[in-house]
Amino acid sequence: MDVTQEAVIREFFSQLLGLIQTIQEVLPGVEHRMCVWHMYNNFKKKHPDRVLKERIWVAARVSYRDRFAGLMESLKEFDEGAYNWLVNHTYPKEWTRSHFRTSVKCDILLNNLCESFNSTILDARQKPILDMLETVGFYLMVRMEKKREWIKKYIGEICPKILKKLEKNKLAVNDCIPSHSKNWKFEIRCMYGDRYTVNLISRCCSCRKWDLNGIPCAHAIAAICDTGKEPEKFVYDCYSKEAYMRAYEPMISPMNAEQI
Ligand SMILES: [Zn+2]
């Protein structure tokens with residue numbers, strides 16, 4: 001190994017150690033989230049109580065800030081040590097939906113995507129760099145074609161998993177009473193006294209669920225139905241069949257083996 005290679009490798013590992021800082025430098029402005037499962041595993045080393053586990057997950061899933069603040073206050077009263085651990089070791093913007101940005105239409109709390117990616121490239125990772133890239137390239141070539149074939153046959157404007165989530169949200173719509181204010185703005189009164197505002201033009205609800213994942217929440221569905229329109233028409237375009245087709249449109253070309 002020559003001096004240049006050694007310097008490159010040393011630089012690589014020093015950057016790996018400062019991964020968070022490096023990502024901020026390489027991709028400035030990109031939102032950085034933590035996997036809640038990993039965060040909780042660190043938390044439970046000092047605070048193993050199962051009740052705390054439930055509290056952490058409720059706080060992670062809650063979608064708006066007032067509710068999160070209330071949960072944290074309640075946690076402080078219940079176990080001040082656990083509350084202090086969270087305050088000293090984490091930032092809410094990294095692990096609770098209530099503080100996530102709404103621009104990316106993604107509300108995931110776990111890094112399952114990375115785990116799937118890792119398990120897929122497990123064999124390829126053991127290979128020398130060119131063989132590794134060829135293995136990954138071949139896998140992608142086959143996978144992307146399978147996806148293209150599948151979506152061609154799919155009948156429907158919105159992808160099926162998203163439709164399933166929308167159907168689940170529809171089940172709660174009977175608990176919501178919509179009242180039209182003006183210009184497609186609604187106040188939604190819920191069975192247990194909660195109230196939310198929905199704006200169908202800017203496609204947002206004050207519960208922030210619609211804003212976070214792009215799928216109309218029960219409050220939004222109540223307002224949409226009040227106008228006589230279909231909730232499916234208010235799902236964000238990123239979940240459409242057309243967007244799916246665009247994502248898998250690029251082709252990876254087949255390659256010859258190295259001729260011996
Ligand atoms: Zn809502």
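Biologist: Where in the chain is the place of Arg203?

Modeller: Arg203 sits in the loop between β3 and β4 (204-205). Helices (H or I, at least four residues) and strands (E, at least two) are DSSP runs, numbered from the N terminus. This is a predicted model: local features need pLDDT of at least 70, side-chain atom pairs count only at pLDDT 80 or more, and totals for chains, interfaces and linings use all residues. Residues are numbered from 1 along each chain as its sequence is written, and side-chain values use heavy atoms, with hydrogens and water left out.

Biologist: How many helices and strands does the chain have?

Modeller: The chain has 14 helices and four strands.

Biologist: What is phi of Arg203?

Modeller: Phi of Arg203 is near 55 degrees, a positive value in a residue other than glycine. Trp184 also has a positive phi, near 65 degrees, and is not glycine. Trp184 lies in the loop between β1 (176-182) and β2.

Biologist: Why does Trp184 count as partly exposed?

Modeller: Start with the cut-offs. Buried means under 20% relative accessible area, exposed over 50%, and partly exposed in between (1.4 Å probe, protein chains only). Trp184 counts as partly exposed because its relative accessibility is 30%. Arg203 is partly exposed too, at 23%. In the chain, buried residues make up 30% of the 260 residues.

Biologist: Which residues touch the most other members of the largest nonpolar core?

Modeller: First, the idea. A nonpolar core is a set of buried Ala, Val, Leu, Ile, Met, Phe, Trp, Tyr and Cys residues joined through side-chain atoms within 4.5 Å. The largest one here has 29 residues, and Ile162, Ile188, Val198, Leu200 and Trp210 touch the most other members. At least two residues of this core come from each of α11 (160-170), β2 (185-190), β3 (195-199) and α13 (218-226). The largest share, six residues, is from α13. A second, separate core has 22 residues, including Tyr40, Phe43, Ala59 and Leu75.

Biologist: Which residues does Ile162 touch, not counting residues up to four places away in sequence?

Modeller: Contact means heavy atoms within 4.5 Å. With those sequence neighbours left out, Ile162 touches Ile215, Val235 and Tyr239. Now take the chain's contacts between residues at least 6 apart in sequence: 59% join residues at least 24 apart.

Biologist: What is the radius of gyration of the chain?

Modeller: The radius is taken over C-alpha atoms, and the globule rule is 2.2 Å times the number of residues to the power 0.38. A compact globule of 260 residues would come near 18 Å, but this chain has 23 Å. Its C-alpha atoms fill a box of roughly 75 × 55 × 30 Å, taken along the principal axes.
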